[in-house]
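Please look over the model shown here, together with its sequence, before reading on.

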Amino acid sequence: MLLESIYHSPSRRWSYAYDAETFHLRLKTKRNDVERVVAVAGDKYDWDHHSHEVEMDHIAADGLHDYWEAVIRPEFKRFTYGFRLHSGDETIWLTEDGFSSEQPAPAGGYFEAHYIHEVDLFAPPEWVKEAVFYQILPDRFDNGDTSNDPEGTLPWGEKPEGDSFFGGDIQGMLNRIGHLNELGVNAVYLTPIFRSPSNHKYDTVDYREIDPHFGDKELLKKFVQLCHDNGIRVILDAVFNHASEQFQPFQDVLEKGEESKYKDWFHLKEFPVGVHDGMPNYDTFGFFGHMPKLNTAHPDVKQYLIETSVYWMEETGIDGWRLDVANEVDHQFWREFRQAVKTANPDAFIVGEVWSDSLNWLLGDQFDSVMNYPLTQQSLGFFADRTISPAQFAERVNGLLMRYPQQTNEALFNLLSSHDIPRVLTRCDGDIGRLKQAVVFMMTMMGLPCIYYGDEFGMDGGDDPDCRKCMVWDEESQNKDLFDFYKLLIALRKEHKALRSGRFRILSAEAEGGSLIYERLDGEEHFTVWVNRSDEHAELTHPMVEGGWRDALTDEEIDNHEGRLTIQLEPNGYRIIWRRIQ
C-alpha cells in the first residue's frame with residue numbers, strides 16, 4: 001500500500017458529528033490500492049468493555065483516490081479510533097501516532113472524536129431539506145401593476161438589453177402564486193427588491209425601502225403571508241458587499257471628501273474620490289465605479305446592515321437571506337450577521353453566493369449553504385455540453401462531495417440556470433432530452449434543487465441579459481410537456497425522503513460511451529437512476545438485490561434475475577427505479 005496517499009485528519013470533513021448521536025469518519029487512499037478498511041473505535045476510559053469494529057464503506061473515487069467512510073454511534077458520545085487497512089496479504093494500522101504493522105495498544109496515540117455537543121453541530125434548518133426552490137427576477141416575472149412602471153418600460157416579451165425595464169413587480173408575483181402551487185415548489189428566492197436605479201437591483205440606494213417600481217413594504221408582507229399560507233418559504237437577496245454610487249453615505253463622501261463622516265464606510269484610496277481613465281480610486285464590485293465596496297468591518301456599517309437584515313425579517317416574516325458576492329465580505333461580519341439572524345429566527349436559512357470551495361463559510365458559524373456552482377458546471381459539462389465522459393463526471397462529482405460533510409452536502413443550493421449564467425436549455429442546444437436528463441440529476445441529487453423562472457416552460461437565453469428575458473405567460477409559447485415533467489420530478493422528490501437525505505453513490509460510469517448509474521439510499525428506500533447519455537440505444541446492467549423493483553414514475557414492475565438488473569434505454573433516455581427496503 002502506498003502510505004504517502006493514505007490520509008485522515010480528526011477535523012472538519014474527515015471526522016465530524018453528523019447529528020447528536022452519530023459520527024462520520026472518512027479516509028483517503030490511493031485509487032485501487034486498498035481492498036478493505038476497518039475503523040476500530042472504543043472509549044478511551046474503558047476500551048476493553050466498550051470497543052468495536054466497523055467495516056468502512058467505499059463511498060467515492062476520483063481520478064487519484066478512493067474514499068472510505070464509517071458511521072459510528074458512540075455509546076457515550078465520545079470515542080477514540082484507528083484504522084486497519086488491508087490489501088492482499090498486507091495489513092497496516094493508522095492512528096494519530098502514524099503507521100504500524102501491528103495494532104498499537106489502545107487508546108493512547110489513537111485519534112480522538114471529542115464529546116458531541118448539539119450546540120456545536122452544523123445544522124441547517126430542518127425545513128431546508130424538504131425545499132424545492134424557485135428563483136424569481138422580479139422585473140421579468142409578471143407586471144401586475146402598470147401604475148408603478150418605470151419610465152421607458154418596454155412591452156412584455158421584447159428582447160432585453162442591459163438597461164431594459166419591463167415592469168415586473170410584487171403584485172405580479174402575488175397574481176401568479178397559483179403557478180408556484182401547480183408546479184409544486186415550496187420555497188422562493190427573490191433577487192434584490194430594495195430601492196435601486198437598475199432593473200436587477202444589485203446596486204442598492206436604500207436598504208430600508210422596497211423599490212417603488214416593485215411595490216412597498218405592505219405589499220411584500222402580503223406576498224410573504226400568501227406564500228406562507230400556501231406552504232411556500234421566501235428568502236430575499238442581500239447585497240452587502242457593495243452599494244450604489246447613489247447610496248446616501250457615498251454621496252456624502254463625494255460631496256465632502258475627507259470631511260465626510262462616512263469616509264470609513266468605504267475602501268477609499270485617495271481624495272477626491274472619483275473614476276480616472278475608467279479606474280475608480282476606491283474599491284468596488286469588479287471594476288464598476290457605480291458600485292462602491294462597503295467596509296463591512298466598520299462598526300457603523302456592520303450595525304446598519306445587520307439591523308437592516310433583522311428589520312426585514314421582523315417586519316415581513318421572510319424566511320432567510322441569499323447573500324450576494326459573499327466571498328468578498330469579511331468572515332467576522334458574517335459571523336455576527338448569523339448570530340443576529342438566528343436570534344431573530346432560528347429557522348432562518350442563510351445561503352451565500354460563493355462559486356468555489358466554500359468550506360470556510362460552512363463550519364456552522366456563518367452560512368447554512370452556498371450556491372453550488374461547481375456542481376452546476378460539472379452537470380452542464382456532462383449533460384449539456386457533453387465534453388466529459390461518464391467516468392470523468394463521476395470522478396468530479398465525487399471530488400465535490402468529498403469537500404464537505406454529509407449534512408453540508410444535503411443543504412447545498414443546486415441549480416442549472418440563474419440570472420448570472422446562460423439558461424440550461426440554451427446550454428443543451430435546445431435538446432429537450434439532454435435538458436430532462438440534467439433535471440433528473442438535479443432532482444435526485446443531494447442538495448436543494450432550484451428552478452430558475454421559466455425553465456419549466458422551456459425558456460432559453462444566453463449570457464446576461466439574454467438569460468433575463470420576460471417570463472413566458474403566453475400559453476401557446478409554453479412547453480406544457482416540459483412543465484408536466486418538472487411537476488412529476490418535483491412531486492417524486494417531495495414524496496420520497498431518500499431523494500432528499502439519503503446516501504448518494506455512483507455505481508457505474510463508463511470511461512467510453514454514455515452510461516451512468518447512481519443510487520440514493522436510506523434505511524427505508526433504495527433508488528437507482530439509470531442514464532444513457534448517448535444518441536444510440538443502450539442496455540445497462542448492474543448487480544442489484546433481487547425483488548421489489550419498480551419504475552418510480554410509472555410504477556411498472558421491473559424484473560431482475562440472478563442478482564442483476566438490466567435496463568433498456570432509448571437515446572438520451574433515463575429511468576428511475578426504486579424499491580422499499582423490508
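## Basis of the description

This is a predicted model, in which local features need pLDDT of at least 70 and side-chain atom pairs count only at pLDDT 80 or more, while totals for chains, interfaces and linings use all residues. Residues are numbered from 1 along each chain as its sequence is written, and side-chain values use heavy atoms, with hydrogens and water left out.

## An open antiparallel sheet

Five strands, in the order β23-β24-β25-β30-β27, make up an open sheet with antiparallel pairing. At its edges stand β23 (503-509) and β27 (550-551), each with a single partner strand, so one side of each is left without a neighbour in the sheet. Helices (H or I, at least four residues) and strands (E, at least two) are DSSP runs numbered from the N terminus, and two strands count as paired if DSSP finds at least two bridges between them.

Strand β25 (residues 525-532) is joined to strand β30 (residues 574-580) in the antiparallel sense by 7 bridges. Within this pairing, Val529 stands opposite Ile576 of β30, and Phe527 has Trp578 of β30 as its bridge partner. Between β27 and β30, which also run antiparallel, there are 2 bridges, and Asp551 is placed opposite Ile577 in β30. Strand β30 is mostly covered, with 5 of its 7 residues buried, where buried means under 20% relative accessible area, exposed over 50%, and partly exposed in between (1.4 Å probe, protein chains only).

Helix α8 (residues 390-401) lies across β23 and β24 (515-521), and runs at about 160° to β23. For such angles, axes are lines fitted to C-alpha atoms, for helices over the stretch in contact, and the values run from 0 to 180 degrees between N-to-C directions.

## Nonpolar cores and a buried arginine

The largest nonpolar core has 121 residues, and those with the most contacts inside it are Tyr134, Trp321, Trp334, Phe337, Phe367 and Ile451. Apart from it lies another core, of 26 residues, including Leu25, Val37, Ile72 and Tyr81. A nonpolar core is here a set of buried Ala, Val, Leu, Ile, Met, Phe, Trp, Tyr and Cys residues joined through side-chain atoms within 4.5 Å. When residues up to four places away in sequence are not counted, Phe337 touches Phe240, Ile306, Ser309, Trp321, Leu323 and Ile350; contact means heavy atoms within 4.5 Å.

Arg434, which lies in helix α11 (residues 432-444), counts as buried because its relative accessibility is 16%. Leaving aside neighbours within four places in sequence, Arg434 is in contact with Phe383, Ala384, Arg386, Cys428 and Asp429.

The structure holds 3 cavities of 30 Å³ or more, and the largest cavity has a volume of about 120 Å³. On a 1 Å grid over the protein atoms alone, a cavity is a set of points where a 1.4 Å probe fits but cannot get out, and a pocket is an open set with protein on both sides within 12 Å along at least five of seven lines; lining residues have an atom within 4 Å of a point. Grid points are joined across faces, edges and corners, and a volume is the space filled by probe spheres set on the points.

Of the 19 residues that line the largest cavity, Asn372, Leu400, Tyr404, Asn409 and Leu412 lie nearest its centre. Helix α8 gives the most to this lining, with 3 residues. The largest pocket has a volume of about 700 Å³, and among its 29 lining residues His24, Gln406, Ser501, Gly502 and Arg503 lie nearest the centre. The largest share of the pocket lining, 3 residues, comes from β5, while α8 and β23 are among the elements that each supply at least two residues.

## Local backbone features

A cis peptide bond joins Phe271 and Pro272, with omega about -5°, and Pro272 is placed in the loop between α4 (248-256) and β16 (275-276). Another cis peptide bond joins Asp464 and Pro465, with omega about 15°; Pro465 belongs to the loop between β22 (448-452) and α12 (480-495).

Asn32, a residue other than glycine, has a positive phi near 60°. Asn32 is found in the loop between β2 and β3 (36-42) and is exposed, with a relative accessible area of 67%. For Asp277, phi is near 55°, again a positive value in a residue other than glycine. Asp277 lies in the loop between β16 and β17 (279-280) and, at 84% relative accessibility, counts as exposed.
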